[in-house]
Amino acid sequence: MNAKIIANGILRAVAILVGIALICWFFFKIQSVLAYLAMAAVLALLGRPIVMFLRKKLRFPNTLAVVATMVFMISIFLGILALFIPLISEQSKNLSLLDIEALKGNLNTLYLQTLDYFGASTGSFNNLLNESHIEENVLKELDLGFIPNFLNSFVNLLSNFSIGLFSVLFISFFFLKDSKLMQNGILTFVPDNKESNLIKSIDKINNLLSRYFAGILLQLFILFVIYTIALLIVGVENAIVIAFLCSLFNIIPYIGPIIGGAVMITLTMTSFIDADFSTVILPKALYVLLGLTIGQLIDNFFSQPFIFSTSVKSHPLEIFLIIIIAGLLFGVVGMVIAVPGYTAIKVILKEFLAEYSIVKKLTKNL
């Protein structure tokens, strides 16, 4: 091996590394566009069964079926938004006139009632903690002035969101209208002898993920109904909005239900902040906790096993391990995309590397 060959090898390696770095930099710069494409692909997968139903059962032309599907999905989105806008508008007025000191007093009252109910303000503990210093020590550094500032940031976020929403809907329309659009784009980077395998993989991934996302919607709807019933029984205001918000947290596996439950119980307690803690606040919070427990039992023992076994053809334990690993590597985003990503990888492995025994074992149910 002479110096010229070594030099060429080094140059080739450097060129490859530079090329990879440039590709990564390019993807980083267009990450918002990639996010729009990913969300549009999810919407297209969700809308695909509706389009097929309208085309095959009702004999709609392709374009009309796509337009009807888009109108249907936009109507659902607007209906959901209509639940939140009045609540946000009302809270905006309240926040503009918010008395921070009064809010601190209410929080302090709830804190004292909690301590008093559990006996924390009696006995030896009372020597260390007395009511005259609670507000000074516990709430002294509590600055609630961030709430109006957060609202302003939220409004700016909404303006950016509107641009992203238009982009996602625009891309989704063409993904639905031409179901082969993304496929043809990917095929331009694939050798001719591998095109058939890739087409099979894409079709299989579309079918599996369509069922998966439909199953996720069913899962969220079941939780939404259970949460709504629990909150309505307790008498919490804006029960439908709160139930919808807390059910959405379940999109994040394992962590989401905990966050949603904490939010629901907190909103329940603060809804009755002027009432007696032992006779009103605590019992209502326990009823809501019971509703949360029932919802999670149904979700864990019925909804999730049904979704994983019938849609993505994976064992719940297998999914659990994949979600944990993805969460450790990529955080919350990794947990959300773990199942769709893992499903896509399994399908591709089956089409291209089916001769390996480990691949056969992992993909035997596909």
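This is a short talk on one predicted protein model, going from the overall fold to single residues.

First, the ground rules. The model is predicted, so local features need pLDDT of at least 70, side-chain atom pairs count only at pLDDT 80 or more, and totals for chains, interfaces and linings use all residues. Residues are numbered from 1 along each chain as its sequence is written, and side-chain values use heavy atoms, with hydrogens and water left out.

Now the overall fold. The protein has 14 helices and 0 strands. Helices (H or I, at least four residues) and strands (E, at least two) are DSSP runs, numbered from the N terminus. Read from the N terminus, the elements go α-α-α-α-α-α-α-α-α-α-α-α-α-α. How much of the protein counts as buried? Of its 366 residues, 30% do. Buried means under 20% relative accessible area, exposed means over 50%, and partly exposed is in between, with a 1.4 Å probe and protein chains only.

A word on contacts, meaning heavy atoms within 4.5 Å. Take the contacts between residues at least 6 apart in sequence: 65% of these join residues at least 24 apart.

Next, helix 3, residues 62-96, where T69 sits. T69 is buried, with a relative accessible area of 0%. Its side chain reaches the backbone oxygen of A65 at 2.8 Å. That is a polar contact: a pair of N or O atoms within 3.5 Å, where, within protein, one must be able to donate a hydrogen and the other to accept it, and residues adjacent in sequence count only if both atoms are side-chain atoms. Which residues does T69 touch, not counting those up to four places away in sequence? They are G47, I50, V51, L54 and L176.

In the loop between helix 2 (31-56) and helix 3 we find R59. R59 is exposed, at 68% relative accessible area. Most residues other than glycine have a negative phi. R59 is not a glycine, yet its phi is positive, about 60 degrees.

On to helix 9, residues 195-234. I will pick three residues there.

E195 belongs to this helix and is partly exposed at 26% relative accessibility. Leaving aside neighbours within four places in sequence, E195 is in contact with L187 and V190. Its C-alpha atom is 10.0 Å from that of N184, which is 11 residues away along the chain.

K204 is also in helix 9, and at 33% relative accessibility K204 is partly exposed. How far apart in space are K204 and I348, which are 144 residues apart in sequence? The distance is 9.2 Å, C-alpha to C-alpha.

A polar atom of the T228 side chain lies 2.7 Å from the backbone oxygen of F224. Beyond four places in sequence, T228 touches I240 and A243.

A243 brings us to helix 10, where it is one of the buried residues. Why is helix 10 described as largely enclosed by the rest of the structure? Because 7 of its 10 residues are buried. Those are A239, V241, I242, A243, F244, C246 and S247. Helix 10 covers residues 239-248, and L248 lies in it. L248 counts as partly exposed, at 33% relative accessibility. L248 and F221 are 27 residues apart in sequence, with 9.4 Å between their C-alpha atoms.

Now charges. Side chains of opposite charge can pair when their charged atoms come close. The rule for a salt bridge is a side-chain nitrogen of Lys or Arg within 4 Å of a carboxyl oxygen of Asp or Glu. By this rule there is 1 salt bridge. It joins the side chains of E318 and K346, at 3.5 Å, N to O. K346 is buried, with 2% relative accessible area.

Last, the second largest pocket. A pocket here is an open set of points on a 1 Å grid over the protein atoms alone, where a 1.4 Å probe fits, with protein on both sides within 12 Å along at least five of seven lines; lining residues have an atom within 4 Å of a point. This pocket holds about 160 Å³ of space, where a volume is the space filled by probe spheres set on the points, and points are joined across faces, edges and corners. The lining consists of I322, I325, A326, L329, F330, G334, I337, A338, G341, Y342 and I345. By class, the lining has 9 nonpolar residues, 2 polar and no charged. Nonpolar covers Ala, Val, Leu, Ile, Met, Phe, Trp, Tyr, Cys and Pro, charged covers Asp, Glu, Lys and Arg, and the others, Gly among them, are polar.
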